[in-house]
Amino acid sequence: MIKHYLKVSFRNLWKYKSFSAINIAGLAIGMATCLLILQYVSFKLSYDQFHKKADNIYRVVNDRYQQGKLIQHGTITYSGVGRAMNNEFEEVIQNTRVAPSGEAIITYNNKKIAEPNLFFADSNFLAVFDFPLVAGDKQSALIRPNTVLLTEKLIDKIFDHEGRDYDQFVGKAVTLWTDSMPYKIEGVLKNIPENSHLQFNMLISYKTLTNAWKEAEYNFTQSDFWHYVQLKSGTDYKQLNAKMGAFSQKYFEGNKVSGSDETFYLQPLSKAHLYSDFEYEIGVTGSATVVWALLVIALFIITIAWVNYINLATARSVERAREVGIRKVVGCERRQLILQFLSESAIVNLISMALAIVLVLLLQTAFNKLLNYQLSLSYLLTKGLNGYSILIGLISIVIAGIFVSGLYPAFVLSSFKPIAVLKGKFASSQKGIFFRKALVIGQFTVTIGLIIGSLVVMQQIRYMNKKQLGFNMDQILVIDPPSLTNWDSTFIDRVNSFKEELKQIAHVQAATTSWNVPGGDIGRSFNVRQADSATTNKFTVRHTGVDYDFLTVYGIKLLAGRNFKPADHNQRGANLRAMLINRSAAKLLGFSSPEAAIGKSILRGDRRWDVVGVVEDYHQKSLRHPLEPMIFMPFYGTNNTISVKLTAGDLPGTIAQIKKKYEAFFPGNLFDYTFLDETFNRQYENEQLFGKAFGIFAGLAIFVACLGLLGLTMFATIQRTKEIGVRKVLGASVSNIVLLLSKSFLKLILLSAIVAFPLAWWAMHTWLEDFAYRINMGWWIFILAGAAALLIALTTISFQAIKAALSNPVKSLRTE
């Protein structure tokens with residue numbers, strides 16, 4: 001019987017080749033899209049799931065409030081938080097912490113390597129997290145000061161090593177920065193998985209840090225540490241979070257430290273990558289919005305393909321009615337008919353799946369390049385945020401698709417009355433016609449919504465790229481700090497001489513040094529207020545250290561007062577008095593205008609500073625974030641980044657000359673650089689990816705929907721062949737025939753637009769709310785999307801309609 005079902009199914013597929021091709025093509029594209037997107041979704045949801053204790057590991061995060069306003073939503077806390085939680089709560093099994101470090105210069109046998117990815121880590125770090133060693137003993141690692149663990153790739157880089165034998169490097173020593181004490185390599189870590197939110201190539205024993213900085217051991221005033229706790233299995237972390245308010249008040253006296261109130265709470269490790277809107281993140285984060293939006297798009301596309309199958313199968317019911325009638329007359333049961341039609345659905349879906357896998361293999365390289373990840377179908381087998389839900393979901397969706405797309409046509413076709421069919425009295429039911437129209441409306445509602453979404457995303461990205469940021473980031477070369485140079489009485493003069501030497505290079509305009517450059521988080525000062533004001537309110541502002549050329553290099557506008565001058569700088573930080581503030585800081589601190597702030601004194605903590613100038617606001621971070629009050633202090637330092645403003649022309653030659661002078665002024669330091677526009681725009685990687693993916697997959701959705709529309713148009717044309725012939729004989733023009741065949745479909749698409757507009761507005765309005773600076777969705781976006789859908793649909797329909805209109809009416813009238 002099964003053999004018979006398969007034989008008949010293949011015959012029917014071959015008999016209706018055009019419709020079969022449309023169904024298989026649509027389903028193959030939909031399934032291929034689903035498989036590609038699910039690779040990305042699986043990869044993103046797999047972050048940190050390789051840790052055996054992942055379900056019980058949480059990181060400590062904090063919210064800080066001042067005068068009832070949230071001023072910090074961050075991931076860095078105080079060195080004592082983890083231990084205090086371990087002592088306070090029986091639910092906590094153990095805690096571990098890491099502390100950040102600037103880029104390390106590693107030296108071995110006069111060879112220097114720059115390594116930016118490193119942490120100071122507690123000795124039990126490898127007991128909480130599963131980062132395996134390929135050499136060394138993790139039980140004894142990171143206990144003693146001046147000991148390190150390096151990854152395989154860092155070992156290979158330092159020692160020019162090839163191969164798998166890493167035991168030979170255990171016990172060797174390297175030097176870090178300018179430290180004269182060697183650091184012993186106690187083990188070699190397997191390279192850190194790409195799906196880890198903690199990314200590092202070196203771990204330094206935490207004891208090394210506490211020997212140099214006692215507050216790093218147990219303190220509630222210095223907030224430069226990331227804490228992780230392991231809870232007992234089965235613990236509800238939300239119930240523990242409810243206790244954290246009292247814990248925070250007990251251990252953290254905010255008003256003494258920062259003039260603010262602070263609350264600690266826990267975030268599951270599994271959410272650290274995708275669900276982070278925190279500041280001072282430990283690594284690059286993803287976007288849950290992008291992941292789930294792409295997953296929804298994938299489901300929309302595969303659903304559109306299945307709707308095509310249902311529409312075409314039920315539309316052809318009149319053609320297959322005689323077949324069903326004869327089968328019933330000769331004794332075929334309804335159950336057997338249903339199995340017959342389900343077998344056809346299964347064959348179409350399985351052929352489509354096979355073609356989809358081929359398409360995925362062909363497109364994998366291009367897809368990986370688009371996402372900048374090395375993905376493959378194997379990611380569908382990985383454990384994700386909810387176990388193996390993606391794999392199970394995929395299998396469930398395919399099986400459900402086979403049954404849903406097959407069952408409705410099967411029940412419709414198997415319900416025909418054989419007597420009525422064989423007497424030629426059968427016609428499509430009004431319910432069936434209404435259902436097909438509803439499915440078409442649903443398809444094009446999704447399609448128009450995706451068009452609107454892709455237009456809004458593109459407009460927002462264009463807006464972010466074009467908006468004036470308040471500073472100029474074009475042609476700015478950012479050089480790593482000369483951190484190996486000693487801080488002494490000559491350092492400031494050396495830096496200034498270096499800057500002057502750079503100006504002698506043909507394509508260099510100016511240079512500056514600063515603690516920070518635009519494009520990322522910067523530090524905060526919490527106890528800031530007017531020195532002579534009656535108010536006792538303390539405010540929080542961003543702070544950074546800059547030299548007297550900073551405003552010139554970055555093109556930041558001076559609103560009132562003067563810029564820093566060389567005399568404002570001093571080797572002794574305690575002697576510094578001059579300060580610049582921005583417009584937002586002047587307003588926050590209660591000055592009536594920028595001019596009113598000039599000459600006034602500000603207290604930062606207990607230290608008095610004199611405001612010498614007020615500058616215009618600029619966007620330190622991406623347009624997701626609002627402008628913030630900032631203060632600028634005239635600090636130099638060996639960890640100050642050097643920014644060089646260039647002009648167009650001979651870039652390689654200019655960089656080579658800059659490198660030569662850098663190495664002359666700061667011998668022993670590595671010359672490494674980036675371009676500011678590239679680093680700043682990395683903040684928009686998620687949006688850029690979302691925009692590209694949205695556009696591509698919206699195009700695929702339109703294509704699949706139009707395939708179905710083409711099939712329905714072909715069927716309508718076949719059904720009305722005789723009518724078309726009669727109309728042509730009676731004088732109907734080609735345009736009359738095209739209008740006859742297309743007007744019913746175009747009405748459905750207009751209805752789809754009416755449904756899609758409010759839904760798309762709501763979805764995209766919600767997405768745009770994540771941006772402090774965003775576009776207004778103009779009416780033209782919706783009109784353009786609707787017009788595009790109508791035009792695409794009309795083109796699709798016209799292809800078949802014109803063909804029918806141009807056919808010979810004599811042949812049409814012979815069809816019966």
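Me: Why is Cys34 called buried?

Reply: Cys34 has a relative accessible area of 6%, and buried means under 20% relative accessible area, with exposed over 50% and partly exposed in between (1.4 Å probe, protein chains only). Since 6% falls under that cut-off, Cys34 counts as buried. This is a predicted model, where local features need pLDDT of at least 70, side-chain atom pairs count only at pLDDT 80 or more, and totals for chains, interfaces and linings use all residues. Residues are numbered from 1 along each chain as its sequence is written, and side-chain values use heavy atoms, leaving out hydrogens and water.

Me: What makes Cys706 buried or exposed?

Reply: Its relative accessibility does: Cys706 has 9%, so it counts as buried.

Me: How many disulfides does a search of the whole structure find?

Reply: The search finds 0. A disulfide would need a pair of cysteine sulfur atoms within 2.5 Å.

Me: How much of the chain is made up of buried residues?

Reply: Of the 816 residues in the chain, 53% are buried. The chain exposes about 36,300 Å² (Shrake-Rupley method with a 1.4 Å probe; for residues, only the protein chains shown count as cover). Carbon and sulfur atoms supply 57% of that area.

Me: How many helices and strands does the chain have?

Reply: It has 25 helices and 24 strands. Both are DSSP runs numbered from the N terminus: helices are H or I with at least four residues, strands are E with at least two.

Me: Which strand pairs with β1 over 4 bridges?

Reply: That is β12 (residues 226-231), again in the antiparallel sense. Here Tyr58 stands opposite Val229.

Me: What joins β1 to β2?

Reply: 5 bridges join β1 to β2 (residues 69-74), and these strands run antiparallel. Arg64 has Gln72 in β2 as its bridge partner. The two strands form a hairpin with 2 residues between them, and Gln67 in the turn has a positive phi of about 50 degrees.

Me: Which strands does β20 pair with?

Reply: Strand β20 (residues 601-604) pairs with β16 (residues 524-530) in the antiparallel sense over 3 bridges. Val528 has Arg604 in β20 as its bridge partner. β20 also pairs in the antiparallel sense with β21 (residues 607-615), over 4 bridges, and there Ile602 is partnered by Trp609. The hairpin of β20 and β21 has 2 residues between the strands, and Gly605 in it takes a positive phi near 70 degrees.

Me: Why is the pair of Arg144 and Glu186 called a salt bridge?

Reply: A salt bridge is a side-chain nitrogen of Lys or Arg within 4 Å of a carboxyl oxygen of Asp or Glu. The closest N and O atoms of Arg144 and Glu186 are 2.7 Å apart, so the pair meets that definition. Arg144 sits in the loop between β7 (133-136) and β8 (147-151), while Glu186 is in strand β10 (residues 183-189), 42 residues apart. Arg144 is partly exposed at 41% relative accessible area, whereas Glu186 is buried at 8%. The structure holds 27 salt bridges.

Me: What do Glu152 and Arg164 form?

Reply: Their side chains meet in a salt bridge, 2.6 Å from N to O. Glu152 is buried, with a relative accessible area of 4%, but Arg164 counts as exposed at 63%.

Me: What makes Arg542 and Glu628 a link between parts of the chain?

Reply: They form a salt bridge, with the closest N and O atoms 3.1 Å apart. Arg542 lies in strand β17 (residues 539-545) and Glu628 in the loop between β21 and β22 (630-633), so the pair ties together parts 86 residues apart in sequence. Arg542 is buried at 3% relative accessibility, and Glu628 is partly exposed at 25%.

How values were computed: Pairing = 2+ DSSP bridges.
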